[in-house]
Amino acid sequence: MLISFSPEFDALFPSQAVPKQVADGFTWAEGPVYLPARDEVIFSDVRQNKTWRFRVSDESLHLLESPSHHQNGHCLDAAGRLVACSHGERALLVAIDWQDDKPIWDVLASHWEGKRLNSPNDVCLHPDGSLWFSDPTYGIDKPEEGYGGEMELEGRWVFRIGSGGELSVPIRDRFKPNGLAFASASELWLADTGDGRVYRYEVRGTEAKLTSQSFAVSEYEAETYPRGGKTDGLRLDEQGRIWSSAADGVRVLSPCGQHLLGIIALPEVCANLCFGGSEGNILFMTATNALWKIETNIRGMSFS
Ligand code: MG
């Protein structure tokens, strides 16, 4: 069901468009990304320890990795390769090749100053080719989401890995950094699932500075639609609107996050989403037990 608060929201969808469940049976579906070369959506079931691939053309579901070592977020790097956050391996991975429909993984980052990362959660590509990823502790705190272990770092940070492999820590001032998306080369939106807010950072090179702008999806329509919950994953469309996961589905916000334009209502908590399909205009949503899709009139912002 679509709940519209604005003609701008109505214009984002073909008439009669409704969310459709295309696969189910998952426990905590997360981290979707569309791979154009394979016409597939890759996504995780973090708690079942599996990664799935969903072929868009015939809506068929195939197991990609089992065990997946509790993979979570995915994205494409500047060369179009699949990048995965691994809770279990406490590392950021890249698929350097494929063999028999299986990725061959290489480690991009696993340590900072000799200490193991916590559990990389979500990742996105900057226009300069660097990858930015969040590193909260869900994969070591929650037995169902990883293999446990000690926290070795002093915090839960956002890392940047440059195209030459150099690692740095642009963001150290969040509690539990999670989903993240660039609006431009100089503007990052970052969800903090510790306090339920999404924060805007100004980015310059390897540095990121917090601005005063932030929002929480739970603030909007709190009386009429109280199930806003927290943002986990988020994506932007090509016009900069923010498409945020929420407890009641996906909430579409104006580019600065000031106005709620509408809600794609789903029956379960949505953890993450991505645009995909051969035209780039299908929104895929990982919502607890199921994968959903809806056709849109817009494409996702992309730097790959
Ligand atoms: Mg996440």
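**Talking through a predicted model**

Modeller: Let's start with Pro-67, which is found in the loop between strand S5 (60–65) and S6. Bear in mind that this is a predicted model.

Biologist: What makes the peptide bond from Ser-66 to Pro-67 cis or trans?

Modeller: Its omega angle. Omega is near 0° for the bond from Ser-66 to Pro-67, and that makes it cis. Most peptide bonds are trans.

Biologist: What about phi for Arg-90?

Modeller: Arg-90 has a positive phi of about 55°, and it is not a glycine. Most residues other than glycine have a negative phi. Arg-90 sits in the loop between strand S7 (82–86) and strand S8 (91–99).

Biologist: Is Arg-90 buried or exposed, and what makes you say it?

Modeller: The relative accessible area of Arg-90 is 3%. Buried means under 20%, so Arg-90 is buried.

Biologist: And why does Thr-288 count as buried or exposed?

Modeller: At 15% relative accessibility, Thr-288 is also under the 20% limit, so Thr-288 counts as buried. Thr-288 is not a glycine either, and has a positive phi of about 60°. Thr-288 belongs to strand S25 (residues 282–295).

Biologist: Which label does Pro-36 get, buried or exposed?

Modeller: Pro-36 has a relative accessible area of 56%. Exposed means over 50%, so Pro-36 is exposed. Pro-36 lies in the loop between S2 and strand S3 (40–45). The C-alpha atoms of Pro-36 and Glu-279 are 9.6 Å apart, while 243 residues separate the two along the chain.

Biologist: On to the metal. What makes a residue a donor to the magnesium ion?

Modeller: A donor is an N, O or S atom within 2.8 Å of the metal. Glu-30 (OE), Asn-121 (OD1), Asn-178 (OD1) and Asp-232 (OD) coordinate the magnesium ion at 2.2 to 2.7 Å, so they pass that cut-off. Along the chain, the donors follow the spacing E-x90-N-x56-N-x53-D.

Biologist: Why do you say that Glu-30 and Asp-232 tie parts together?

Modeller: Glu-30 lies in strand S2 (residues 20–35) and Asp-232 in the loop between strand S19 (207–215) and strand S20 (234–236), so the pair ties together parts that are 202 residues apart in sequence. Glu-30 and Asp-232 are both buried.

Biologist: What makes you say S2 and S3 pair?

Modeller: Two strands pair if there are at least two bridges between them. S2 and S3 have five bridges, so they pair, in the antiparallel sense. The bridge partner of Ala-29 in S3 is Asp-45. Their hairpin has four residues between the strands, and Asp-39 takes a positive phi near 50° there.

Biologist: How many bridges join S3 to strand S4 (residues 50–55)?

Modeller: Six bridges join S3 to S4, so by the two-bridge rule they pair too. S3 and S4 run antiparallel, and Ile-42 stands opposite Arg-53 in S4. In the hairpin of S3 and S4, Asn-49 takes a positive phi near 65°.

Biologist: Why is S3 called largely enclosed?

Modeller: Six of the six residues of S3 are buried, so S3 is largely enclosed by the rest of the structure. Both faces are covered: Glu-40, Ile-42 and Ser-44 are buried on one side, and Val-41, Phe-43 and Asp-45 are buried on the other.

Methods:
Residues numbered from 1 in each chain as written. Predicted model: local features only at pLDDT ≥ 70, side-chain atom pairs only at ≥ 80, totals over all residues. Heavy atoms only, no water. Donors = N, O, S within 2.8 Å, 3.2 Å for Na, K, Ca; no water. Buried < 20%, exposed > 50% of the residue type's maximum accessible area, 1.4 Å probe, protein only.
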